[in-house]
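Dear colleague,

I am passing on the structure below, and my notes on it follow directly after. Please read them with the model open beside you.

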Amino acid sequence: MSLHDQDDPALRAAQEERLRAVWKPPSGLFLRWTDCNNDRVGVWYVLTAFAFMLFAGVLALIMRTQLAVPDNDLVSAGTFNQLFTLHGSMMMFLFAVPMFEAVSIILLPQLLGARDLPFPRLSAFGYWSFLLGGVFVGGSIFFNAAPDGGWFMYPPLTTRTDLSGLGADIWMLGLSFIEVSSVAAAVELIVGVLKCRPPGMRLNLMPLYAWYMLVVAVMILFAFPPLIAGDILFEMERLLNWPFFDASRGGDPLLWQHLFWIFGHPEVYIVFLPSIALFAMLVPTFSNRHLLGYPWIVLAAVGTAFLSFGLWVHHMFTTGLPKISLAFFSAASEAVAIPTAVQIFVFIATLWAGRVTWSTPLLYATGSLAIFVIGGLTGVMVAVAPFDWQAHDTYFIVAHLHYVLIGGTLLPLFAGLYYYWPLITGKRLSDRLGRIAFWMLFVGANLTFFPMHFSGLMGMPRRVFTYPEELGLGGLNMASTLGAWLFAAGVAVICVDLCLSPRRAKAQRNPWGAGTLEWLAHPDDEDWGIRSIPLIESRYPIWDQKDFVQKVDEGRFFLPDAEEGRRETIVTTVLDARPLAVIRLGTPSVIPILTALSLGGVFILTTYHLYWAALVCAVATLACAIWWLWTGTAEIPEKPCKPIGHGIELPLYISGPAAPGWWAMFITMMADATAFSGLVFGYYFFWTRHADFPPMAMADGPGMYWPMVALVLGVASWLATIAALEVHARGDVGIARLLLMLGIATSLAGIAAGLAGPWTHGMDPENHSYPAIVWTLTVWTVAHAGIAAIMQSYALARSIARRMDPQHDADIRNVTVYMHFFALTAIVAYATIGLFPSLS
């Protein structure tokens, strides 16, 4: 059927009825828990992150009230420590990153003209993981068990169980669980942007929001895993007494700072770049013209991301690093201002060249840029090492940080809220209340944090619960407290505005007159989204392509029907968005929430040292994952192809590098490899820091024999899987099954050989950091060998069950991607622990 046949109103009505049946939301409370539509999951995500932000804001108000006057006794020192630790942790881990991931889960399908992102169940799993972990961490304060070591949790105070209570475990394991949800969202966003763009939307035609979220998601893949590696070492020290950060046993607390700030400084840009993404959408709309300098702003975003990974040491200028290191990281910290300035000046130039329509969203955007620039200027100051030595750990740093985060995250989010609320709910927010709230927020933020520059320079240290009157800081602190309450009142006005919005009349379609795809949405839209997936010829198709909206609404583009009653969208090529296939999306399922609950049980039960119960939850998690994969992926369709319009037919099954599943596996393994590199970094960090690493008494380490045997077995398992893929593609299914069995056997044998090295040499991980890090690398590698055996067994079972054949081989291709990374892990780990001591 060609698209021209859809002029028949009766035919269009029948098609729309089929679409309604396919995308009808689940009814009933339990069924809504199982929903996997990214629009609704994204709304839950946004509301939950907003609730965590409000809770963290209340904690901040209590702190500011405590500091309003000298020698105040509103809260105790211990409670104050819990307040500032939980406030920082929740704002960074439970609000800033999850909020923008949630917004992107809502916006990206519409910006890309897709029916949904490729893995809606993964989005649902990420949400439930985030909710469970957030409630666990945030709720700890009601039981006087909240973490109290700062949002950075520096050892050794936090790793010594006699100096820190259960709160450190709650922070570490609870936030590790949340980090899993962040990585899951990053996988979804990367694959969605690369593989689910509409036909014709080449990379140079992508909306800038999609570019920014692609950059941010890639940053998450390289920033969060080092923190996960640090979390592993941290918890092994707390739970097993392995001395990674204990200097008396060969450890070094600076290792934690490196792993934390390798995450912590890119984190600032991970939460800032999505703000710029929102500016990139609303500035052209209210300038009534295309954004100037599109290639430059893309390059600036990529450059900002690249440079952000070379700045982490400027958080460690006072730790006694070599001066050459200080010079390098100081220069890099100054250099990041260049791509940031490019982005800001692009927006200013676009506003200058356009016909500006001043609106509430644009008011928030311009105000946030003003605040952010002040934070950026003080950032240039603290990037200079001698100044940082004076200002470090004073309220000057608190002021700098909050100017950056409020100007670069919070106010831009409110700009996006007022801009996109009609898209999400069909209702506009009040311009009057929005402007009142803006001025309260703008004045409140400056009144709160600008005086902190002076109190910091006058010597007030951060993270103190009170101060003597003799310091003369009472007036500055009172001003900051009044500003904080004014800022909170502005947030309250926005909350009132949100609560009143359901009573308002429906907004007109595309009320701002924007030119990008997301505004194809109609206030009375059905749950299945846009009527047909369009052909893109411009960055602003609503403005530039003739009768574009009408053609979409009439189903004149691609995939206008749901003939088989399935949720479907189009997969395209990475570079030029040529249509490749039609994929079928996940339907509502209880599996994501069960997987999140069981995985959450692993982390939460481990916190309370209930290891057997945690093991049961780990087995349940594995069972849920297999159930998920078996029933929800790599389905063999009932027919090879289907028409999508214009006489084009596309396959319903693809595998290999063209398939979203292959990309998801590759991206996940990139995150896994980055976490592993953090552990390897720990090994060589000890070697560079300690002249006697490995100690002479332990120089033989695990020996060379068993690590080399384990390495050979790991490589053999990898080669067996590659051979199985090749012969399977040629139709030799029986031989492929035998090779998979060989791969399973060598993977399992590799586990025994890997453990034999440190075990037979009597390496006690409690004695010194050297045996501890050797055991850590070994356990990591043999755990991956066990996963390899499970995945090979899964591919074998799919073949035996006739759910995989030479024409439908996505399972074995995805397993092979994992095996490539496993082989690399085995080579690096066993070469390091088996050869390095003798070579050094």
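Strand 1, at residues 568-572, is mostly covered, with 5 of its 5 residues buried (buried means under 20% relative accessible area with a 1.4 Å probe, protein chains only; strands are DSSP E runs of at least two residues and helices are H or I runs of at least four, numbered from the N terminus). This is a predicted model, in which local features need pLDDT of at least 70 and side-chain atom pairs count only at 80 or more, while totals for chains, interfaces and linings use all residues. Residues are numbered from 1 along each chain as its sequence is written, and side-chain values use heavy atoms, without hydrogens and water.

Strand 1 runs antiparallel to strand 2 (residues 579-584), to which 5 bridges join it (strands pair if DSSP finds at least two bridges between them). Glu568 stands opposite Arg584 in strand 2, and in the hairpin, which has 6 residues between the strands, Ala577 takes a positive phi near 55 degrees.

The structure holds 0 disulfides (pairs of cysteine sulfur atoms within 2.5 Å). For Cys495, the nearest cysteine sulfur, that of Cys499, is 6.7 Å away.

Best regards

Note on methods
Buried < 20%, exposed > 50% of the residue type's maximum accessible area, 1.4 Å probe, protein only.
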